[in-house]
Amino acid sequence: MSNKFAFDVFLSYSTKDKAVVHNLAKRLKNDAVRVWLDAWVIEPGDSIPLKVQQGVEQSRTLLMCMSPNYFKSEWGKLEHLSLLFRDPTNTQRRFIPILIADCERPNIIAQFLYIDWRNTLDESYDKLLATCRGREIEPSESALSMDSIIQEPIVLKQDDDDSTIYFIAITPDGKSVVSGSEDAILKVWDLATGQYRATFAGHMDNVYVVAITPDGKTVVSGSADDTLKVWDLATGQCRATFTGHRGSVLGVAITPDGKTVVSGSDDATLKVWDLATGQCRATFAGHTASLYAVAITPDGKTVISSSAGTLRIWQLPEPDSSSEATLGTRYTNAKVILAGDTGVGKSGLALRLTHNTFEPTISTDAHWASQFKLPQDTNTSNTAREIWLWDFAGQPDYRLIHQLFMDETQLAVMVFNPQQENPFEGLGQWDSDLEKASRRAFKKLLVAGRCDRGGLMVSKKSIEEFQKERGFTTYLETSAQTGAGCNDLLQAIIENIDWDSIPWTTTTQTFKTLKEEIIKLRDEDKVLLRMAELKQQLEFRLPHESFAIEELRAVVGLLAGPGLVWKLEFGDFVLLQPERINAYASALVRKVREHPEEIGCILERDILDANLDFQDMKRLPPDDEAIVLRAMHQTLVDYGICLREETDQGTQLVLPSFFKRERPDLEDHPAPIVSYRFKGGIEEIYATLVVRLHHTSAFDNDRLWKFAADFKAPTGQQIGFKLTKKREGLAELMVYCDPKISIDTKVTFIRYVHEHLSRKGTEVHRDRHYVCPHCATPVENLKTVQKRLQVGKKDILCVDCEERVPLWDLIEEKFASPEFQERVRKLEAKSQAVIDNQSKELILVGHAYAIAGEAGQIFRQISNSDCGIDGEIEFKNDQGEASGKRVYLHFKSGDSYLSKRKRDGKEIFPKPPHAKYWHPDSQNYPVMLVIRTSDQQIRWMNVSDYLAKHGIRKRQIEFDGEPFTALNLVNQRNRLLA
């Protein structure tokens with residue numbers, strides 16, 4: 001018999017058929033079939049509905065005893081539970097109707113074969129018994145010899161996805177494992193249990209190598225983002241970032257005394273770092289290829305490095321020597337948020353603090369990050385300190401996008417208008433948004449702005465109470481116009497930053513020079529430059545500075561970490577003013593709000609054609625604007641705050657937070673089953689929940705309303721939620737569903753919502769809603785329910801029929817089970833994969849657009865092609881006119897599409913079903929296969945030529961692509977036009 005289930009069969013029948021069914025049950029039991037029969041299982045005082053639900057869950061086969069009596073009394077109760085057995089994908093369970101009396105079967109089960117038990121023939125019983133027994137275990141399966149028994153290994157299973165783990169290191173005490181993987185994070189695992197204890201996030205790309213100090217307290221990691229990071233193993237805090245390499249860090253070793261780190265890189269150099277100070281003491285150059293491994297001798301004096309076919313031996317410098325110390329620089333920067341509603345004077349304060357000047361301003365798009373020059377005496381002897389002041393626009397249109405850029409806040413300055421009657425009304429929402437988005441503890445200053453305009457409309461006592469309630473460290477009154485209080489505010493900002501908790505960065509002097517010059521370009525209102533253009537401008541501005549493009553990329557990456565610049569994921573562009581993304585997103589939001597049907601939708605072509613509501617926004621030149629619009633579009637999709645849907649008019653973007661149409665009152669609206677109260681960025685939490693649920697394989701989006709969403713389960717029943725905004729960043733989310741929906745579907749949906757709110761919100765509180773199973777009366781006193789659960793009570797009295805209502809039912813049992821936590825984890829991974837694929841598609845489209853523009857050619861996107869064509873580039877002739885000659889593009893993103901063949905190391909692409917359409921016999925122009933790999937490299941090859949040479953019968957394509965650059969595009973043009 002199967003040991004997975006407690007019972008082999010569950011007998012469902014009408015009590016009026018008791019005599020027939022009980023005889024059948026006894027017969028099965030005598031033949032060693034484990035039978036669930038209500039008369040044998042349910043004890044006096046048990047909850048009958050709960051016992052029935054548990055019995056169904058624990059049984060492998062459902063025997064439905066069909067009769068007129070059954071379909072009159074029992075079928076309605078069991079129909080939704082029988083789905084568990086009728087689901088064709090559930091191969092472990094069986095559904096067997098037994099006809100015990102003539103009756104008309106419902107259509108939903110009419111197509112199932114049944115066993116005729118009207119005459120109780122032995123032949124019918126033998127068939128039934130064979131089905132109920134299940135598969136017998138063969139003797140060979142149970143009689144294993146001792147030699148065949150192998151210890152079952154503990155599996156260290158990642159809980160996020162199937163990301164490749166590149167490196168592992170074991171702590172000296174042998175109790176923990178630290179791993180680095182392609183998802184740019186490190187994980188700490190318990191070696192005894194196989195469970196992971198902590199996640200370290202901070203790298204921007206693959207983590208290739210991990211090392212642990214001999215005392216087991218510190219972890220050093222190397223990444224494809226060209227940096228090393230130093231982590232406190234106990235707290236997970238990133239203590240420092242070492243920069244200087246111009247390629248991926250592939251090898252790391254630590255000396256036996258735990259004081260020195262040696263790193264090897266893709267840039268063919270070896271660097272020696274002081275672990276305590278981050279100072280690069282030496283750089284060893286001599287290899288001509290990437291350094292893949294580094295080792296240090298037990299005496300700590302010699303290091304061995306390896307590259308292709310070569311080992312090199314080096315003598316480490318003494319700790320007090322330094323070949324780069326005089327040229328290096330060490331600094332740390334703090335992120336300070338200036339927040340508050342529109343019109344409170346934030347922009348004026350930002351100008352006064354950063355430049356000590358005042359200019360009259362109106363509510364603007366805000367200048368995100370300005371460098372805050374600190375007085376010299378605030379710098380420590382060996383670390384320069386910087387503050388970046390982020391001025392967030394206060395208009396509601398910006399709120400959704402602000403959520404994406406609040407992380408790693410070290411201090412928040414909350415500004416209010418003291419002349420308003422309710423000046424604190426908007427600060428609660430800002431406080432909530434920042435608290436969750438920052439991902440770290442930070443202090444807050446409460447600041448009254450524009451105090452030169454008159455007295456306070458709110459009492460000092462009210463201010464003190466609000467300050468105490470919200471945990472503000474200091475209250476200050478200021479005027480940007482007169483400068484009153486601004487010096488005190490400056491000093492308070494400096495003093496309230498926890499500098500010791502911020503990781504510092506050590507760089508070479510060249511890095512420091514390039515960084516400062518890029519910031520000057522930004523301040524001079526340069527907005528968008530290709531990397532080659534940026535290098536050319538810096539070479540003109542720094543005629544005596546020699547640097548390689550790899551060094552410049554590393555510096556850009558350094559500035560991109562805290563968001564001071566953006567390295568766009570296509571076209572090799574650097575956006576020197578990331579706030580432009582925010583401004584254009586606001587124009588999009590205003591356009592969406594104008595939708596005549598009050599639904600939060602906009603056609604993608606309207607976004608890309610700049611058909612938005614710009615109002616008086618300062619716009620970029622058309623070519624730059626087109627690139628920023630594509631970057632903004634890709635960002636919204638990448639962060640999962642919008643959906644992409646195909647319509648008759650084209651692809652449209654759906655923003656769930658901006659639906660204004662109210663849900664109509666429905667008489668048969670499903671009753672709520674659970675509700676949540678939480679704080680945080682409400683719009684962003686709601687939007688991402690809708691989007692992620694839509695992308696799971698378990699639920700389909702049905703209708704969207706103003707902060708309400710209906711979904712359909714695979715069986716077609718309704719399930720969804722409605723959000724209600726409360727005061728100051730507080731919201732309530734009510735989950736409801738069709739009562740006939742299966743228990744598993746209910747629990748999966750609830751658990752998904754629960755995990756999402758727990759991950760993105762704060763102060764999350766869950767209330768379960770109950771309905772009496774006897775009279776269908778809702779249990780309305782939720783406080784009493786909570787009290788009874790807290791003291792261990794598992795039921796409550798119905799106020800209507802006075803029967804007991806179970807509080808700890810099958811829903812609660814399953815909700816708390818690891819099985820459903822794992823189920824939700826898998827759904828979340830699938831949803832994230834869909835979002836990632838859509839984002840990567842937009843990156844490739846954006847890259848093709850940018851490269852074609854850079855080369856002076858014409859790119860067109862093609863949607864829903866039957867031939868696997870995603871776009872085309874038409875070439876211009878020498879007169880600048882469209883020539884009609886073109887190449888077609890097929891996009892693929894991800895390492896899974898390419899594999900290396902062992903015998904010759906060639907990259908292999910599996911032949912797609914569209915290949916027959918790509919042969920020159922089917923297309924007048926070449927089809928180019930464009931692939932983006934995890935190292936952000938985008939390459940292309942002429943797959944039509946390959947198929948013409950090798951034929952379309954080959955199962956694989958040898959991918960020999962070249963970089964998809966403007967130069968290579970022009971070369972392709974020249975070949976075609978020749």
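## Strand pairing around β25

Two strands count as paired if DSSP finds at least two bridges between them. The model described here is predicted. In this model, strand β25 (residues 443–448) has partners in both β24 and β26. Strand β24 (residues 411–416) runs parallel to β25, and 6 bridges join the two. L411 has K443 of β25 as its bridge partner. Strand β26 (residues 474–477) is also parallel to β25, with 4 bridges between them. Here L445 stands opposite T474 in β26.

Of the 6 residues of β25, 5 are buried, so the strand is largely enclosed by the rest of the structure.

## A parallel sheet of five strands

An open sheet is made of 5 strands in the order β2-β1-β3-β4-β5, and the pairing is parallel. Its edge strands are β2 (35–36) and β5 (115–116), each of which pairs on one side only.

Within this sheet, strand β3 (residues 59–66) and strand β4 (residues 94–99) run parallel and are joined by 6 bridges.

## An antiparallel sheet of three strands

Another open sheet has 3 strands, in the order β31-β33-β32, with antiparallel pairing. Strands β31 (601–603) and β32 (643–647) stand at the edges with a single partner strand each, so one side of each has no neighbour in the sheet. From one strand to the next, the twist averages 30°.

Strand β33 (residues 650–654) runs antiparallel to β32, and 5 bridges join the two. Across this pairing, E646 stands opposite T651 in β33.

Strand β50 (residues 938–942) is mostly covered, with 5 of its 5 residues buried. Both of its faces are covered: one side carries I938, W940 and N942, the other R939 and M941, and all of these are buried.

Strand β49 (residues 927–932) pairs with β50 in the antiparallel sense over 5 bridges, and V930 stands opposite W940 of β50. The two strands form a hairpin with 5 residues between them. In the turn, Q936 has a positive phi of about 70°. Strand β50 also runs antiparallel to strand β52 (residues 962–963), to which 2 bridges join it. In that pairing, W940 stands opposite E962 in β52.

The buried residues in α8 are K346, G348, L349, A350, R352, L353 and T354. Just after the helix, N356 takes a positive phi of about 55°.

Helix α14 (residues 531–541) contains K535. This lysine counts as buried because its relative accessibility is 18%, and the cut-off for buried is under 20%. K535 and I549 are 14 residues apart along the chain, and their C-alpha atoms are separated by 7.0 Å.

## Cavities

Rolling a probe the size of a water molecule over the atoms shows where empty space is left. In this model the count comes to 2 cavities of 30 Å³ or more. About 60 Å³ of space lies in the largest cavity.

The lining of the largest cavity consists of E604, L608, R630, H633, L842, V845, G846 and Q861. Helices α17 (604–608), α18 (622–638) and α23 (818–854) are the elements that give two or more residues to this lining. The most comes from α23, with 3 residues. By class, the lining has 3 nonpolar, 3 polar and 2 charged residues.

## Cysteines

A disulfide is a covalent bond between the sulfur atoms of two cysteines. How many disulfides does the count come to? The count comes to 0 disulfides.

C801 counts as partly exposed because its relative accessibility is 27%. C867 also counts as partly exposed, at 23% relative accessibility.

Methods:
Residues numbered from 1 in each chain as written. Predicted model: local features only at pLDDT ≥ 70, side-chain atom pairs only at ≥ 80, totals over all residues. Heavy atoms only, no water. Axes fitted to C-alpha atoms, helices over the stretch in contact; angles between N-to-C directions. Buried < 20%, exposed > 50% of the residue type's maximum accessible area, 1.4 Å probe, protein only. Disulfide = S-S within 2.5 Å. 1 Å grid on protein atoms, 1.4 Å probe; cavity = no way out; pocket = protein on both sides within 12 Å on 5 of 7 lines; lining within 4 Å. Points joined across faces, edges and corners; volume = space filled by probe spheres on them. Nonpolar A, V, L, I, M, F, W, Y, C, P; charged D, E, K, R; others polar.
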